[in-house]
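Colleague: I would like a close look at one part of this model, with the cut-offs spelled out as you go.

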Amino acid sequence: MPIMNDTIQFNVGEHRLALEKALKLTPQDIVMEIREAGLKGRGGAGFPTGTKWLLALSAVAEKKFVICNADEGEPGTFKDRVLLDEYTNLVIDGMTIGGYAIQATEGIIYLRGEYKYLLNKLERFLDEKRENNQLGNNILGTGFNFDIKIRLGSGAYVCGEETALIESLEGHRGEARNRPPFPVNTGFMGYPTIVNNVETFASAAIIISKGADWFKKIGISKSYGTKLVSISGDCKKPGVYEVPFGISIRDLLKMVEADEAKAVQVGGASGQCVPESQFDRKISFEDLSTGGSVMIFNKSRDMLHILKNFMEFFVEESCGQCSPCRIGNKKLLEGIELIEQGKCSYTYLNELIELGKSMQLASKCGLGQSSPNPFISILTNFENEVFSTK
Amino acid sequence: MIKDKLSRTPVSQQPLIVKKEEEGGIGSFVEVEINGRKIQVQMGTTILEACRQNNIHIPTLCYHEDLCLAGLCRICVVEIEGMRTLQAACTYPITNKLKIQTTSEKVRKARRHILDLLLSEHYGECYSCHRNGNCELQSLAKEYGVDGYKFGHITERRHTVDRSSYSVIRDMDKCVLCKRCVRTCIDLQEVGVLEATHRGYDTTISTFYDKPLADVICINCGQCINRCPTAALKANDPSDEIWVAIDNPKKHVVIQTAPSPRASIGEEFGLPPGHSMTKQLNTALRWIGFDKVFDTNFTADLTIMEEGTELLNRLKKKLVEGDNNIKLPQFTSCSPGWVKYIEHFYPDYLDYLSTCKSPQQMFGALIKTFYAQENNIAPEDIVTVALMPCSAKKFECNRPEMHSSGFKDVDYGLTTREMAQMIREAGINLPDLEGSGFDDPFGDASGAGLIFGATGGVMEAALRTVYEIVTGREVPFKNLEITPCRGFEGVRQASVKLEGTLPEWNFLEGVDLNFMIAHGTANAKKVMEALVRGELENIHFIEVMACPGGCIGGGGQPIPTSPEIRKKRAEAIYNEDRGLEVRKSHQNPHIKYIYEKFLIDGPCGHISHKLLHTHYVKRGKFIA
C-alpha cells in the first residue's frame, strides 16, 4: 500500500475542523485567505488558486461546478493516489470549501481509470460524509448545499489537461478547448467551473484550517507551503514525500539515498532533465516546477533510451487535434531513431530542436507545449553522451 | 415560430460576445495594436476578424466562415505581448488592450514549421491532384516559399480510397485533419457521419466503425467537399464516361442544366461570384458535343404544377372530405440530400413528403419517353446527363426506383465543378463565348423554375402558381417578389391569406396559407422536431433544402463557399428572374403543351404518377 513518508502539513486530525471553520466565513473571506496564502496549483502549471476561485466566484451563473482533477497521469507521479487513499477527508473538505467559496452546488471527482480500485472506498467515504451532514443539503446546518460524484477517466493522458478533462466529462473526445474562454467562465456544460488538482484542494483545506500566515512560513518566496513529490528510479527509498518548496535536488537525492545519480527528470515526461552539474537547483515554481514527479537515473542509464521512451509516450498520448503536437512529436521521435542509427546530422538535430521550440510556442494545449521539453533538455544537457556512443 | 439560433457552435467554442453599450454592456470598443498600428475593434472580435477588417493577412487552414471555431491547425498563430505562447488568431477574442505581432520571427518560424509538418504527412504531388490550383495547402506552401520537404515526405499510401459512395469519394491520404468536414457534418448539417477516431499520430477522420461511406447514414449533401481545404474529399466524377458517350456517334447525348450552376460556374473561370453564365454555358455545352441542351427549369415548372396540385389535393381531402390519413404539412422533395436525411432520421414521417420526383428525375423520365417518342429516337440510345450543383443528385439518379421510363432515367449527375473541368479540357474559356438559347421542346422555362436555385425559391414559385389557381389573381406581392420567402435565415415562416377564391376552391376562402422554409439539414431538424412535438398543425407547406443557402450552396458548387458568395449567387438568380417574360410556372407555354399532348390526364393524373412521382425508403439509422 502506498504510504506518505514524513509529513509536515498533512496531519489529518489537526485539520478535522477545516470545513466547519470555512462555512462560518464568507465565500469572499475564503478566497482572500487562499490568495493571501499565495497557493498555486499543485498539478504542475502553478496557476494561483485564489485568482482562479475569485474569477469563478465573480462569474454570474445559475450553476457552478467544482472539479477535482484526479487523473494523475504524468509519468512518475503517484502522490494524488496517496492523498485520495489516506487523506480522503482533506481532499473532500477542500472540494467542499472550494464549492462554498465559488458558490457551487456540485462537485465531480475525475478519477484516473487506473485508480478504479479506489472507487468503492471513495464512494463509501462520500456516503459517510453525507450521513455526517458534511455533504448534501444544508451542510452542518449552514444552509449550504453541495454534493460530490465520481467519474472515471479512461486512460488518456491528455484528459489531465483541464479543458480536455471537461470535454471528456461531457462525453466528447478528450481534446483541449480553445482558451479563452476559460473554464472559470465557460466550463463544464458551459457553466463556471474550477478544476483543481487533488493536492491543491487538500492544501486549501489546510490553509483554512491553519491560516495563510502559518502556511506562508513554509517554502520560499513565490512558492509557499509544501509540495508532495513522488520519487522513483535509482534510489534506495522511493516513495511519496512532503517537502518544503525550495528544497534542492541534491537534498532530495540525499533524502532518498540516491548515490549514483547522473540525471533527474523533474516534472514527469513533460518536465526538465537536470544533469549533475545543476543539482543545486530548487524545486519551486520559479525554478524547477513539478506536479510531483521526480525520476532519478543513475550512471548506468542510457539517456537516449530514456528520451525515446518519453517521446514514444507523447506520440501515443497526443490527442491528435493540433498539427504541431500530432506530427511534431512523431518527427522528434524519428529524429531519436536517426541518432540511434548514427544517421542524424547536427544540422538536422538543430532543426528538430528549433521545431521543438515552435511546438512549445504554437501547440494548442499544455501537452504539446511541454512535450518537447525532455527532447530539448536531454539533447542539450547530454549531447556529448548521446553522440559519443552513437 | 421556430427560433433560429445565431450559431450552432458548442458554447465552449463560441467567441466571447460582449454586449454593445446601447444594449447595456460596458464600453463596446477596445483599442488594439496590431503590428504597431492602433486599431479600434468591437469587444469580442477575434484577432483574425480584426486583422481581416484592416487588410492584415493571416494565413488560415482549419478556419472556415461557416463553421464553429476549432483553432487546431495553428497556422494562424500570432504573438501577443506578455504571453508565453503564441495564440491562434482565429479563436482569440479581443476583450482588452493587446499588442499583437502577426509577422514576428517567432510567428513566421512557427508557421513554417507547422506547414512543413503538414506537408511531410501529405501524400502525393500537386500536379496529379484535382485540387491543383484551388488547394489551400498548396497556396500556403506558395505563400511561405516552400521548396522542399524539411521533415521528409511520405511516399506510400496509408489508407485506401473510399469509392463506395455514388456521391462522395474520401482519400484520407490527402487529409490534413483540419476537421472542417467533421464540423460540417456534425455542427453545420447535424448529420454526424464523420468524426475523428484514434489518437495522436494515428488520428484519422472516419465513419462509424470505419464503414464505407455508402453503408453509413451519409445524406450525400457534399457540404464536406465544399469545405475541404485539400483533395481529401471529392465528388464521384463521371466525366470520363460522359466523354465516351459524346464520342460515340450512335449515342444521343442530352444535357439538362439546373438553375444554380449557371449562377456559379463563372467562378471556376475567374469571375467574381454573382455572374450568370446561362447563355455562354449553352454555347459551351454544344461545343463540347452535347446533342441537345435543355433547361431543368422546365421540369422545375412541372414540379410546381405537380407539387402545387398535390398540395391542393391534400388540402381538399383533409379540409373538405375530412380524411385524417392525409398528412399535412406537405414537405418538398426536390432536394435529394433532404430526402435521404428524412429517410434516415425521420423514417416514420415519409408520408409528409411530396411524392413528386425532383426536377432532375422528372426530366430524365420525360426525355426517355416523351422526347424519345416525339423525335423517334430509341430510348436506349439516349444518354441523359444532368448538370447539377449537387453531389446527392449522383446518388438520386442511381436509386433503383428511378427507372420509370423503363431505362435509367438519368444516366449521369455532373457537378458544376466537373462541368467546368470538361469545359476547360475542351479548351474553352467560358466568359469569352457568345451566348445561345436552350433547345426545344424543353427550352422555355419560367422565372419560377429558375429561382428553385435559392433557398425559398420553390416556395415562392409554388405560391405564384397556387395562389393564382385558387383565386384567379396574381399573388399580391410587388413584381411577384414574395419577399418573406427570400433571405438566408435558417428557418422562415410566413403566410398568405387566400381571399376571393374561385368557386371550385371555396373551402379555402379566408384561409391563411401558412408555409415554412428551412435550409441546411440542421434547420430541417428543428422543423422536424417541431413536427414530432405536434407544433406544426396549422402549417400547410414546408420547403426544405439540404444545403445551406439552397442549391446555390450545393455540394457540387465551386469551391470556396461562404455566406457572402452564396448571397451573390442568389442575387444573380433573382436578377435573372426579374428580367424574364414568363415568371409563373403554369404560364410556361411548353408546360401547357406537355399537359395537352402527353400528360393528358393532368397534374397528378395517372401518367404523371407513373413518370413524375415516386416513393421513399424507410432507411432509419440501422447500419449493417
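In which loop of chain B is B:Glu190 found, and what does the side of chain B that touches chain A look like?

Modeller: This is a predicted model, in which local features need pLDDT of at least 70 and side-chain atom pairs count only at pLDDT 80 or more, while totals for chains, interfaces and linings use all residues. Residues are numbered from 1 along each chain as its sequence is written, chains are lettered from A and ligands numbered from 1 in the order in which they are written, and side-chain values use heavy atoms, with hydrogens and water left out.

B:Glu190 is found in the loop between helix H4 (180-188) and strand S7 of chain B, where helices (H or I, at least four residues) and strands (E, at least two) are DSSP runs numbered from the N terminus. The phi angle of B:Glu190 is near 50°, a positive value in a residue other than glycine.

Turning to the interface, 39 residues of chain B are in contact with 39 residues of chain A, contact meaning heavy atoms within 4.5 Å. About 3,200 Å² is buried between the two chains, with carbon and sulfur atoms giving 57% of that area; buried area here is the accessible area (1.4 Å probe) that two parts lose on being put together, summed over both. Across this interface the rule finds 17 residue pairs in polar contact, both residues at pLDDT 80 or more, a polar contact being a pair of N or O atoms within 3.5 Å in which, within protein, one must be able to donate a hydrogen and the other to accept it, and residues adjacent in sequence count only if both atoms are side-chain atoms.

Strand S7 (195-197) and helix H2 (105-120) of chain B each supply at least two residues of the side that touches chain A, and the largest share, eight residues, comes from H2(B). By class, that side of chain B divides into 18 nonpolar, twelve polar and nine charged residues, with Ala, Val, Leu, Ile, Met, Phe, Trp, Tyr, Cys and Pro counted as nonpolar, Asp, Glu, Lys and Arg as charged, and the others, Gly among them, as polar.

The rule also finds six salt bridges across the interface of chain B and chain A, each defined as a side-chain nitrogen of Lys or Arg within 4 Å of a carboxyl oxygen of Asp or Glu. A salt bridge links the side chains of B:Arg199 and A:Glu317, at 3.1 Å from N to O. Over all chains, the structure holds 70 salt bridges. Another salt bridge, within chain B, pairs B:Lys109 with B:Glu105, whose closest N and O atoms are 3.7 Å apart; both residues lie in helix H2 of chain B, four residues apart, about one turn of the helix.
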